[in-house]
There are 2 protein chains.
Amino acid sequence: MARSGGRRGQRRERQGFHQLPWRNLVNPYAPIDMLSADQIETIHHASLRILEELGIAFLLPEALDILDAAGAEVDHKTQVVRFDPQLIEDNMAKAPPRFVVHARNPEHNVIFGDNHINFSTVASAPNASDLQGGRRPGCYEDYCNFLRLTQALNVIHLYGGYPVEPVDLPPATRHLDCTDAFIRLGDKVFFAYSLGRERILDGIEMARIARGATSEQMLREPSLITVVNSSSPLRIDAPMLEGVIEMARHNQVMVLTPFTLSGAMAPATIAGALAQQNAEALAGLAFSQIVNPGTPVIYGGFTSNVDMKSGAPAFGTPEYTKAALASGQLARRYKVPYRSSNANASNVVDAQAAYESEMSLWGAIMGHAGLVLHAAGWMEGGLCASFEKMVLDAEMLQMMAEFLSPLEVNEDTLGFEAMRDVGHGGHFFGTKHTLDRYETAFYAPIISDWSNYESWEEAGAHTATERANTLYREILADYEPPPLDAARSDELAEFIARRKEEGGVQAA
Amino acid sequence: MARSGGRRGQRRERQGFHQLPWRNLVNPYAPIDMLSADQIETIHHASLRILEELGIAFLLPEALDILDAAGAEVDHKTQVVRFDPQLIEDNMAKAPPRFVVHARNPEHNVIFGDNHINFSTVASAPNASDLQGGRRPGCYEDYCNFLRLTQALNVIHLYGGYPVEPVDLPPATRHLDCTDAFIRLGDKVFFAYSLGRERILDGIEMARIARGATSEQMLREPSLITVVNSSSPLRIDAPMLEGVIEMARHNQVMVLTPFTLSGAMAPATIAGALAQQNAEALAGLAFSQIVNPGTPVIYGGFTSNVDMKSGAPAFGTPEYTKAALASGQLARRYKVPYRSSNANASNVVDAQAAYESEMSLWGAIMGHAGLVLHAAGWMEGGLCASFEKMVLDAEMLQMMAEFLSPLEVNEDTLGFEAMRDVGHGGHFFGTKHTLDRYETAFYAPIISDWSNYESWEEAGAHTATERANTLYREILADYEPPPLDAARSDELAEFIARRKEEGGVQAA
């Protein structure tokens, strides 16, 4: 990995990259309630009926045994598990409403619950793109550059997965190299994939080493996050269930997100898709609480719809926004943090990418999402991670962060004396009231260009996407890795060497 | 004006232009309250203090006489009017909370109040642009094409002014030709500028002719709309006041919008800008009620901020969104409909144009704006009307309209039986529940492209803006003017001929 520390002191003065400092964000506004309390109860009861009458297929014998022992009605032949409503309700009540996830840099710890909001990177895209290189399959170089960009952008709180899948790394040891890069290139909370038991156990151990923590400490202090997608409809597969079990046993954070695309893997009605999403989420979340009561979990909502003509998934649609808001209501009913996304289906970083993202973001923010996954860089319904989009999203996220700072209304901000001084028809440019606030009065953008048309044209007539391209490359040129304790660095290298010697992940 | 009626029957089959039908939209959700009830009262009282101690300059002797007679404290020399709080409160109480504005096609009447939302065109831009012709000064041809596009796009409810200023028409008679085009090219509610008494009186008479109404009927049925901007800070100029007086006397709709750009014409704090906005709005609205108690008015909020480094106005900023939401709270306090905007400061129809527009739109929608001015086509902080942006905005507005349709939650939409039929791990593509909803299940976009990357690339790899360009030209090619009664058409032509003989507007 290239270290840019040697360039310190000779760095060019960058124009225009002023960002807000790292902040743990809290939403001070009431959420938008899409549904009435009665409608939420109707969906809740429809989910309980699904769980009781249709059940969920748990495709792992170990999971079936655990559920059997807990009192669920298990058919070991079909692997379908039916739940008494009380079993679900009792276990959902054990999930914590609030928890902290620990980063190797404690200043980058993140909080879930109490209306906190956290933004993560795009995750799991098979392709990467930028204006110079176009669209290409994911590789380790692009992977690392996304991590560097994430570390540099204060408004991104955590890694929500591999921003792009580095297919040039061998699958059996890819997770070791990817996690190594999470730790060495950044100091924010990171992610392990629930693709079987081993990857999760390796992730937990590497998170422990990165933090210099003991195993006992790790059991008290969640430091790793995973997302488990149900294989909708009404099914959770074996590698995912292994992840649920190990993450729960180690008290690490599991996000259960059903992939309920309305019209494809769920009914062609948002109410039906929500009922199914809720059933699948409740099954997975209750299961985690059966494995380890009180383990930190997040309710994931990802319901969107397909284009009925082509079957293509759509995101940032009106239906998507409604589902995002309603999912937040459901999560709040169970008093667990809520995960939403910043999604769009555009193939190019254009106006569509922006307006679909905004429709998603407003659904997430006003649905009181605690985790906004794919908050920066997501394109094409998840099939591509874009460097320009990551920077544009950072702007959109910063604007949201600033929107979440309440207005101050007091004698000083009301500015009566300034108005008296300026009088009728004057202006406030040079007044003391204005000059006192010159530096901090208003949000300063990182990409938005507010110059007039003539100045903009003279400066090259660049679109926001072109400006984002310039900026992302400047940020990478200026990037310096955060310090890592030498002993931890050595321990990490030794762990990876040993696991590689063992051949990495043995099972498929 | 080119009539395309002769092309009927030989029209090409257009791909992809499916729009939602005309609808009077209602917002079913609770607004976002940016400020507490106490904070709203604090701003209200700050405004009353401004009105009582600093006063507002009314730059028209006739207005001073009216206010003098009503009991305000008038200084005829400085033209500053100070208001007792009770005079403001008493007159604000006379403004109607709800009214209908009549179009020449009654199906296009619009309703203000009761959470109705109406979208208008961009207004008053000095420049027009599209991808073929680039940016150019406004002309009558572009003006007419914007009117045609507005008539064709169902989601645009009314004309909020001249989309672009046709500077190739002589100023003294421009309003006659522009209003003639409003009436002949469309059948939606239109607009007259408060640039002196004559333009307003001509506008009212032409609205009467277009509707085939009597003068008495016009007094009962508002059929014309105007926007009055105060010349902030704390001043309303003479031509605007003539507009307020004539519109009120004729019971036509007046939107009072202070131009309180925080840091320039208002204090560099949003609270201060809101207090000043509120003072100016209350002064103008109360004045209209003194002229004619009960005349329909709308509270306009346009508070945004400047870039403190350049003094350039910014729109769709976090501060803008906060101000939009808070302004809605103020308007609701006075029980009058609220006007907001779909604003952005981008110089090109790109991601910035879209995300700033969305930040503005969400502020308008969740602030419960009854009138969203500049909802379609606005660019560059109002200095340019874009054909591509108008079509992209129509998409964003349609998405909002669809978002405002509540979710249906019932036995049928919950889809339990469909889930039972599909079972664990199946799909819903071919189920009866899906097929029954095939045509109408989800929002169908007019510009958004949800195809996969390969299909999108094969189709030419067009951005949303390029697709909007193609579509706007197709819509214009297919445009047909709405029918106009021959007698009204003749009367209109005679009126315009007579007014042109008289030389149009006599005063400057």
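Biologist: At what angle do the axes of helix H11 of chain B and helix H12 of chain B cross, and within what distance do they come?

Modeller: This is a predicted model, in which local features need pLDDT of at least 70 and side-chain atom pairs count only at pLDDT 80 or more, while totals for chains, interfaces and linings use all residues. Residues are numbered from 1 along each chain as its sequence is written, chains are lettered from A and ligands numbered from 1 in the order in which they are written, and side-chain values use heavy atoms, with hydrogens and water left out.

In chain B, helix H11 spans residues 351-366 and helix H12 residues 387-403; their axes come within 11 Å and cross at roughly 40 degrees. Helices (H or I, at least four residues) and strands (E, at least two) are DSSP runs, numbered from the N terminus, and axes are lines fitted to C-alpha atoms, for helices over the stretch in contact, with angles running from 0 to 180 degrees between N-to-C directions. H11(B) and H12(B) are therefore oblique to each other (under 35 degrees counts as roughly parallel, over 145 as roughly antiparallel, 65 to 115 as roughly perpendicular, and the rest as oblique).

On the H11(B) side, the contact (heavy atoms within 4.5 Å) is made by B:Ala353, B:Ala354, B:Ser357, B:Glu358, B:Leu361, B:Trp362 and B:Ile365, and on the H12(B) side by B:Lys389, B:Asp393, B:Met396, B:Leu397, B:Met400 and B:Phe403. By class, this contact of H11(B) with H12(B) has nine nonpolar, one polar and three charged residues, where Ala, Val, Leu, Ile, Met, Phe, Trp, Tyr, Cys and Pro count as nonpolar, Asp, Glu, Lys and Arg as charged, and the others, Gly among them, as polar.

H11(B) also packs with helix H10 (residues 318-333) of chain B, at an angle of about 15 degrees and with the axes 8 Å apart. That angle makes H10(B) roughly parallel to H11(B), and H10(B) passes H11(B) in a right-handed crossing. Here B:Pro318, B:Tyr320, B:Thr321, B:Ala324 and B:Leu325 of H10(B) meet B:Met359, B:Ser360, B:Trp362, B:Gly363, B:Ala364 and B:Met366 of H11(B); by class, this contact has eight nonpolar, three polar and no charged residues.

Chain B can be laid on chain A with an RMSD of 0.0 Å by a turn of 180 degrees and a shift of 0.0 Å along the axis, the superposition being by least squares on the C-alpha atoms of residues with pLDDT of at least 70 in both. The two copies are thus related as by a two-fold rotation axis. In chain B, the C-alpha nearest that axis belongs to B:Ala351, 2.1 Å from it. Of the interface residues of chain B, 100% are also interface residues in chain A, so the copies meet through the same surface.

As to confidence, the predictor gives the complex an ipTM of 0.96 and a pTM of 0.96. Chain A averages a pLDDT (the predictor's confidence in each residue, from 0 to 100) of 95, and 96% of the residues score at least 70. Over residues 1-16 of chain A, however, the pLDDT is below 50, although this stretch has 23 contacts in the model beyond near neighbours in sequence. Where pLDDT is low, the predicted coordinates should not be read in detail.

Methods:
Left-handed = near helix turned anticlockwise from the far one by under 90°.
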